[in-house]
Amino acid sequence: MTTHPPLIKRPVIILTIAVIIIVIGVGGYAYYSHFRHISNPILGRWESQVPHFGKTEILEFTSQGMIKNGGVVATRYKVSSNKVVVETNSRKYIYTISNDGQRLFIYMPRVGKLTYIRVAVSSSNR
């Protein structure tokens, strides 16, 4: 009986598998890093639906913090499912994000429930 030599040699198979693993790894990393940046649903500009103390309030969330009515507020915020916890030096605010991601709700003492509508999406959230 005669044996035929293999059509593809062992080093070629190992090299092909290594290239496939590298391509899958780089592709997975690129996919993850792209969606990691757009997964923050709070980034952008929000406007109060009803005037708060006589004027419309504008909130803008950036990756560095929050801007309120044009002034930078020293804040840290954390997004967890549909809740956003915003911490300033003196208070903690808990916002609820609507299911469609276009409204924010917060209950403020002596004011009641406030609703903010998304008016602009941050360029880093697209």
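Which ring does the charged end of K113 sit over? The ring is that of F105, whose centre lies 4.6 Å from the charged end of K113; a charge counts as sitting over a ring if NZ of Lys or CZ of Arg is within 6 Å of the ring centre and within 35 degrees of the ring normal.

## Basis of the description

This is a predicted model, in which local features need pLDDT of at least 70 and side-chain atom pairs count only at pLDDT 80 or more, while totals for chains, interfaces and linings use all residues. Residues are numbered from 1 along each chain as its sequence is written, and side-chain values use heavy atoms, with hydrogens and water left out.

## Overall architecture

The chain contains one helix and nine strands, where helices (H or I, at least four residues) and strands (E, at least two) are DSSP runs numbered from the N terminus. Read along the sequence, these elements follow the pattern α-β-β-β-β-β-β-β-β-β. Of the 126 residues in the chain, 27% are buried, a term that stands for under 20% relative accessible area, with exposed being over 50% and partly exposed in between (1.4 Å probe, protein chains only). Among contacts between residues at least 6 apart in sequence, 34% join residues at least 24 apart, contact being defined as heavy atoms within 4.5 Å.

## The nine-stranded sheet

An open sheet of nine strands has the order β4-β3-β2-β1-β9-β8-β7-β6-β5, with antiparallel pairing; two strands pair if DSSP finds at least two bridges between them. The edges are taken by β4 (71-73) and β5 (76-80), each of which has a single partner strand, so one side of each is left without a neighbour in the sheet. Neighbouring strands of this sheet are turned by 30° against each other on average, direction ignored, with axes being lines fitted to C-alpha atoms, for helices over the stretch in contact, and angles running from 0 to 180 degrees between N-to-C directions.

Strand β6 (residues 83-87) runs antiparallel to β7 and is joined to it by five bridges, with V84 having Y95 as its bridge partner in β7, and a hairpin of four residues connects β6 to β7. Two bridges join β7 to β8, again in the antiparallel sense, and the bridge partner of T96 in β8 is F105. Further along, β8 and strand β9 (residues 112-121) pair in the antiparallel sense over six bridges, and M108 has G112 as its bridge partner in β9.

I97 has a relative accessible area of 6% and, leaving aside its neighbours within four places in sequence, is in contact with P41, N82, V84, R103 and L104.

The hairpin formed by β7 and β8 has five residues between the strands, and G101 in the turn has a positive phi of about 75°. S98 is placed in this loop, between β7 (92-97) and β8 (103-108), and is buried, with a relative accessible area of 9%. The side chains of S98 and D100 are joined by a polar contact of 2.5 Å, meaning a pair of N or O atoms within 3.5 Å, where within protein one must be able to donate a hydrogen and the other to accept it, and residues adjacent in sequence count only if both atoms are side-chain atoms. A polar atom of the side chain of S98 also lies 3.4 Å from the backbone nitrogen of Q102.

## Aromatic pairs and their surroundings

The structure holds three aromatic pairs; rings of Phe, Tyr and Trp (its six-membered ring) pair if their centres lie within 6.5 Å, and planes under 30 degrees apart count as stacked, over 60 as edge-to-face and the rest as tilted. One of them is the edge-to-face pair of F61 and Y77, at 5.4 Å centre to centre and with 80° between the planes. F61 lies in strand β2 (residues 58-61) and Y77 in strand β5, so the pair ties together parts that are 16 residues apart in sequence. The rings of Y95 and Y116 have their centres 6.2 Å apart and their planes at 70°, so this pair is edge-to-face; Y95 in strand β7 and Y116 in strand β9 are 21 residues apart. F61, Y77, Y95 and Y116 form one aromatic cluster.

L59 is found in strand β2 and counts as buried at 0% relative accessibility. Not counting residues up to four places away in sequence, L59 touches residues including W46, M66, Y95 and Y116.
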